[in-house]
Every structure is written in C-alpha cells, then in structure tokens.
Amino acid sequence: MVRRPMAAAQTLISVVIPVYRCQTCLRELCDRLRASIKGLTADYEILLVNDASPDHAWETIVQLGKEDERVRGIDLARNFGQHYAITAGLDHTSGDWVVVMDCDLQDRPEEIVALYQKAREGFEVVFGQRVHRQDTLKKRLLSKLFYRIYDYFTGRYSDHTVANFSIADKKVIEGFRQMKEQNRLYPLFLQWMGYKTASIPVEHNGRGDGMSSYSLKKLVTLATDTIIAQSNKPLRLSIQLGFFISVGSFLYGLYLFIRYFFMDYHVQGWTSVMVSMYFIAGLMFFNFGILGLYIGKVFDEVKGRPLYLIREQINERERR
C-alpha cells in the first residue's frame, strides 16, 4: 500500500469524481491523476463516489484503495444522480483546493495543473472551458439550448462550454455545503455564489468508456427541474399572459358590441365561442401545470429527506 506523505504544511488537493458506468477507466484515471498532482503537492486525495454503477466499479474502487490509501471511496446506497454524488464527495473532503471532474476521461487529469496555476493568481473558482467538445452534435446542441433557456428565465449569462470540471477554494466548498436544496447543478451553484471566478480553455477528450447516461428525456427533466428551482419567471410570465388575454378579450368584446349596436351586424357566435372556450381552457391547464410544478418542488423540499445515503466507505479520513 502506498502511504500518504506526512507533510502538514503541504497544500491538500482533493479530487472528487462521481462514478457511473466507467469501471474500465478508473485505474488509468487514478494513475494519470497521481502523475499530474504530484508536481503540485505531495498531499492529495482522490475521492471516487460510486453512484450505484451497474458494472463492477465499486470492486475496482476497493482494490485501488487497498493499493493506495490516498484513493478513497464512497458507495452510495442507490443511484441518486451525478450531482448528488458530487455533493456526497464534497461533504467528505477537506482539501485546501477541491477539483471536481467526470470519470470517463473526457476531463483530462493533466489539465488540473493549469486550473491550479490559474487559481493561484487570486481566483477562488476556475472552470475548464471545453472549447472543442468531443460530444455528439445532439448533445452539444441540447447543451446550448438549455443554457439559452436557463439564462432567459434566470437573467444570467452562462457559458455552455463549462461543466463540472473545475477547481475551487476550500471556502467555496464550505459555502456549497450550506446549500441543501434537492435540485442540484454543481457549476450553477458555484456561479451563483459570486466568488472570484475565471475560466481557461482545456482539451476535451472523447469518452474512455461507456455511453452517456443522459437521455433526451433525462435532459429535458433536468432542464425543467433546474429552471423551476432557480427562477420564478415562469409564474410571472403566466400572469402576464393571462393579463394580455383578458385585455384582448375585453377589446374584442367591445369591438363586437359596437358592430352589433351601431353597424347592425349579428354575431355568429357558436364557432368563436367554442374556439375561445378551448383556448382559454388550454391556457388554464397550462398555468395550473406550471403552478403544480412549483408546489411539487416545495413538497420535495419540506419533506427534508437526505440528499444521499451511503452504504460503505473506504480509507476515511477526518476533515481538517
């Protein structure tokens, strides 16, 4: 077993990696992480969070932990989702600097050096920009569309080339731990906090193993949940829509009143009445649906359930 050097003055770098369907990448990932970080500090930890991966990821994590005590593992009780797995990892780290990255080798461990050097210039959060993304065209287009819609509803500007790959100061992670809402998206939380942030271009590789678990349905659900959790603009838009419809209906009614009494025009009302009824009914159900989504999110929050549950841990260490 490789022992972690005892150097109290060394900067501790923690690397948090949610693991799902990437069992064959883990050994190469850890080897490349060790090779990259050892030039920055001798005191580091690699925290692999198994999000109920259907392959043999946990067995591989256990073996890696036996070979090197700096490789730590958390086995979640079930599949909670990527950002919940990130939360679990961050709750169990104590690094002076914390790196979050994916497990599929699309985020290159060698880029951590550049992220850390940029952070040492005085930044508290540094994101890696995937300028040339090695994803499918569909995924790239959906990502751009999501951020366009998200920015519209939240009134912010988001960089669609930025994802989880980042390094953050310890105080930023402490702030993240205070955010307990059920709907979670790690990079958006960090951007919301307002700490001094920078982004640098990084090389983005193709997936080292497996396929993305984000289907179109999951992406749409994630987008809807995130927008509802971060903005009340849909509610305000539904109020404005209702107001304009009411004004339009009043003006149209006034127009028909004038034509009937002053122009001797008899209104043939069956078609217009039925169309109007179904139109208004559809809008009402649409608005009720939006309201229901917000009520559902409130229901999820007030239940107060834990964000994740842990089945097993290896190589635990006390937070400092």
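Q: What share of the 320 residues of the protein chain counts as buried?
A: The share is 44%. This is a predicted model, and buried here means under 20% relative accessible area.

Q: How many helices and strands are there in the protein chain?
A: The chain has 10 helices and eight strands.

Q: What share of the contacts with a separation of 6 or more comes from residues 24 or more positions apart?
A: Such residues account for 84% of those contacts. A contact needs heavy atoms within 4.5 Å.

Q: What is the strand order in the open sheet of eight strands?
A: The order is β7-β5-β6-β4-β1-β2-β3-β8, and the pairing is mixed. Neighbouring strands are turned by 20° against each other on average, direction ignored.

Q: What makes β7 and β8 the edge strands?
A: Each of them pairs on one side only. β7 covers 197–202 and β8 covers 310–314.

Q: How many bridges join β1 to β2, and in what sense do they run?
A: Seven bridges join them, and the two strands run parallel. Isoleucine 13 stands opposite tyrosine 44 in β2.

Q: What makes β1 mostly covered?
A: Seven of its seven residues are buried. Both faces of β1 are covered. Ile13, Val15, Ile17 and Val19 lie on one side, with Ser14, Val16 and Pro18 on the other.

Q: Which strands does helix α3 touch as it packs on the sheet?
A: Helix α3 (residues 82–91) touches β1, β2, β3, β4 and β6. The direction of α3 makes about 150° with that of β1.

Q: Which residues meet where α3 contacts α6?
A: Thr87, Leu90 and Asp91 in α3 meet Ile173, Phe176 and Arg177 in α6. By class, three residues are nonpolar, one is polar and two are charged.

Q: Why is helix α7 described as largely enclosed by the rest of the structure?
A: Six of the eight residues of α7 (residues 186–193) are buried, so the helix is largely enclosed. The buried residues are Tyr186, Pro187, Leu188, Phe189, Leu190 and Met193.

Q: Why does serine 143 count as buried?
A: Its relative accessibility is 13%. The cut-off is under 20%, so serine 143 counts as buried. Serine 143 is found in helix α5 (residues 137–154).

Q: What separates the C-alpha atoms of serine 143 and histidine 160?
A: They are separated by 6.4 Å, and the two residues are 17 residues apart along the chain.

Conventions. Residues numbered from 1 in each chain as written. Predicted model: local features only at pLDDT ≥ 70, side-chain atom pairs only at ≥ 80, totals over all residues. Heavy atoms only, no water. Pairing = 2+ DSSP bridges. Helix = DSSP H or I, 4+ residues; strand = E, 2+ residues; numbered from the N terminus. Axes fitted to C-alpha atoms, helices over the stretch in contact; angles between N-to-C directions. Nonpolar A, V, L, I, M, F, W, Y, C, P; charged D, E, K, R; others polar. Buried < 20%, exposed > 50% of the residue type's maximum accessible area, 1.4 Å probe, protein only.
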